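Please take a moment with the sequence and the structure shown here before reading on.

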Amino acid sequence: MNNKKGVLLINLGTPDAPTPKAVKTYLKAFLSDQRVIDYPKWLWQIILRGIILNVRPRKVAHAYQTIWTEQGSPLRSISYEQANALQLALSEHAIPVEVGMTYGNPSISSAIDKLIEKGVDDIIAIPLYPQYSATTTAAAFDVIAKDFMRRRILPNLRFINSYSHHPEYIKVLAQSIEQYWQQTGKQHLLMFSFHGIPKRYVSLGDTYQANCQQTARDVADYLGLNNNQWMLCYQSRVGKEEWLQPYTDKTLEHLPTTGQKCVDLVCPAFSVDCLETLEEIAEENKSVFLDAGGEEYRYIPALNAQPAHIEFLSQLVKANL
Ligand SMILES: C=CC1=C(C)c2cc3[nH]c(cc4nc(cc5[nH]c(cc1n2)c(C)c5CCC(=O)O)C(CCC(=O)O)=C4C)c(C)c3C=C
Ligand SMILES: [Fe+2]
Ligand SMILES: [Fe+2]
């Protein structure tokens with residue numbers, strides 16, 4: 001008898017509300033994960049609970065308030081849109097799709113419960129991180145593994161660990177940029193801004209930087225861009241350690257002084273628009289660029305639930321049936 005397949009779409013997670021209290025709960029779970037911050041646990045917990053969780057939630061809650069919608073956090077509401085659209089795209093195979101977040105709600109465990117309730121015994125887990133990183137992809141796997149520890153009967157599991165250079169993904173991403181340029185009638189310097197990670201993690205073997213470089217180069221090649229027409233940077237640095245460089249904010253501050261006054265940003269590490277794109281890139285970094293003398297700054301939206309993105313995800317699922 002064939003196994004019944006189901007899809008678990010995974011993303012990072014987001015607070016339940018844009019309040020300091022809810023943000024504190026979310027950051028506590030997220031920043032306590034040793035995959036994300038690998039300092040000695042006892043030392044880090046003193047810093048986290050003693051300083052960071054008393055200062056950061058207020059500031060970050062304010063940032064969340066600027067992007068919150070009637071549907072709640074964009075990361076969560078767009079993830080549900082993706083799941084509904086993907087389930088529809090897979091309807092001929094009757095494959096249920098559920099959303100699970102590594103931190104916060106809906107949890108990965110609740111998503112696995114729902115799939116099992118629907119009779120699924122073969123789960124295809126897709127962390128929506130095109131570029132592999134231990135900080136995100138492996139962290140998601142850890143949560144699945146932990147969930148499985150409480151189950152007597154384990155479903156089959158297929159885990160898609162990255163798709164940074166999948167030809168169809170490159171095509172969909174490149175075409176979304178092309179369409180943006182066609183609709184606006186203009187093309188500026190293209191800045192690929194990926195979420196950063198500490199440089200040390202790459203030295204320890206994380207393939208994230210190589211994956212980011214591959215995505216950016218493949219998309220630039222698809223678009224026929226020469227080396228002066230695109231660049232790669234890393235955003236969202238946290239803490240005092242050196243992260244992957246060049247930094248997005250420092251680069252945007254510098255670009256206008258070199259005569260580069262117009263820029264288009266795309267953030268391929270984010271499959272879904274979220275705090276780091278809608279606030280940090282589309283607002284905060286825009287001000288950095290314009291204040292430094294830049295003239296035109298545009299953010300190209302994430303792939304979100306765009307039909308071409310959903311079609312790519314459904315191909316990824318079908319290839320794993
Ligand atoms: C401090 C360490 C962090 C690492 C390493 C990191 C890697 C990483 N994160 C994403 C995707 C997202 N990060 C988001 C928010 C966010 N990230 C960090 C820290 C690290 N991320 C923090 C503290 C926060 C919360 C906001 C803040 O306090 O500044 C989000 C957005 C969530 C939302 O609710 O909208 C995403 C998505 C990737 C892809 C990545 C490494 C590859
Ligand atoms: Fe992050
Ligand atoms: Fe940020």
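In this model, which is predicted, four strands form an open sheet in the order β6-β5-β7-β8, and their pairing is parallel. The edges of this sheet are held by β6 and β8 (296-300), each of which has a single partner strand, so one side of each is left without a neighbour in the sheet. From one strand to the next, the twist averages 25 degrees.

Strands of a sheet pair through backbone hydrogen bonds, either in the parallel or in the antiparallel sense. Here, strand β5 (residues 189-195) and β6 are joined by six bridges and pair in the parallel sense. Two positions along this pairing can be picked out in the structure: Ser-193 stands opposite Cys-233 in β6, and Phe-194 has Tyr-234 of β6 as its bridge partner. Helix α8 (residues 208-223) packs on this sheet, where it touches β5 and β6, and the direction of α8 makes about 150 degrees with that of β6.

Is strand β6, standing at an edge, buried or exposed for the most part? Although β6 has a single partner strand in the sheet, five of the six residues of β6 (residues 230-235) are buried, so this strand is largely enclosed by the rest of the structure. A residue is called buried here if 20 or more other C-beta atoms lie within 10 Å of its own.

A loop between β8 and α11 holds Pro-301, a residue that has 16 other C-beta atoms within 10 Å and is therefore partly exposed. In sequence Pro-301 and Leu-31 are 270 residues apart, while in space their C-alpha atoms are 27 Å apart.

There is also an open sheet of four strands with the order β2-β1-β3-β4, again with parallel pairing. Its edge strands are β2 (97-101) and β4 (156-159), and each of these pairs on one side only. On average, and with direction ignored, neighbouring strands of this sheet are turned by 25 degrees against each other.

Within this sheet, strand β1 (residues 5-11) runs parallel to β2, and five bridges join the two strands. Along this pairing, Leu-8 has Glu-98 in β2 as its bridge partner, and Leu-9 stands opposite Val-99 in β2. Helix α5 packs on the sheet and touches β1, β3 (122-127) and β4, with a direction that makes about 150 degrees with that of β3.

The helices can be followed next, through two of their contacts. Two packed helices are described by the angle between their axes and by the distance between those axes. For helix α6 (residues 167-184) and helix α11 (residues 307-318), the axes come within 10 Å and cross at roughly 175 degrees, and these two helices are therefore roughly antiparallel to each other. In this contact, Glu-168, Tyr-169, Val-172 and Gln-175 of α6 meet Ala-308, His-309, Phe-312 and Gln-315 of α11. Sorted by class, the contact of α6 with α11 has four nonpolar residues, three polar residues and one charged residue.

The packing of α2 and α10 is at an angle of about 95 degrees, with their axes 10 Å apart, and α2 and α10 are therefore roughly perpendicular to each other. From α2, Ala-63, Tyr-64, Thr-66 and Ile-67 meet Leu-275, Leu-278 and Glu-279 of α10. The residues of this contact divide into five nonpolar, one polar and one charged.

Notes
Residues numbered from 1 in each chain as written. Chains lettered and ligands numbered in written order. Predicted model: local features only at pLDDT ≥ 70, side-chain atom pairs only at ≥ 80, totals over all residues. Axes fitted to C-alpha atoms, helices over the stretch in contact; angles between N-to-C directions. Parallel < 35°, antiparallel > 145°, perpendicular 65-115°, else oblique. Contact = placed C-beta atoms within 7 Å. Nonpolar A, V, L, I, M, F, W, Y, C, P; charged D, E, K, R; others polar. Buried ≥ 20, exposed ≤ 12 C-beta atoms within 10 Å, placed from the backbone. Pairing = 2+ DSSP bridges.
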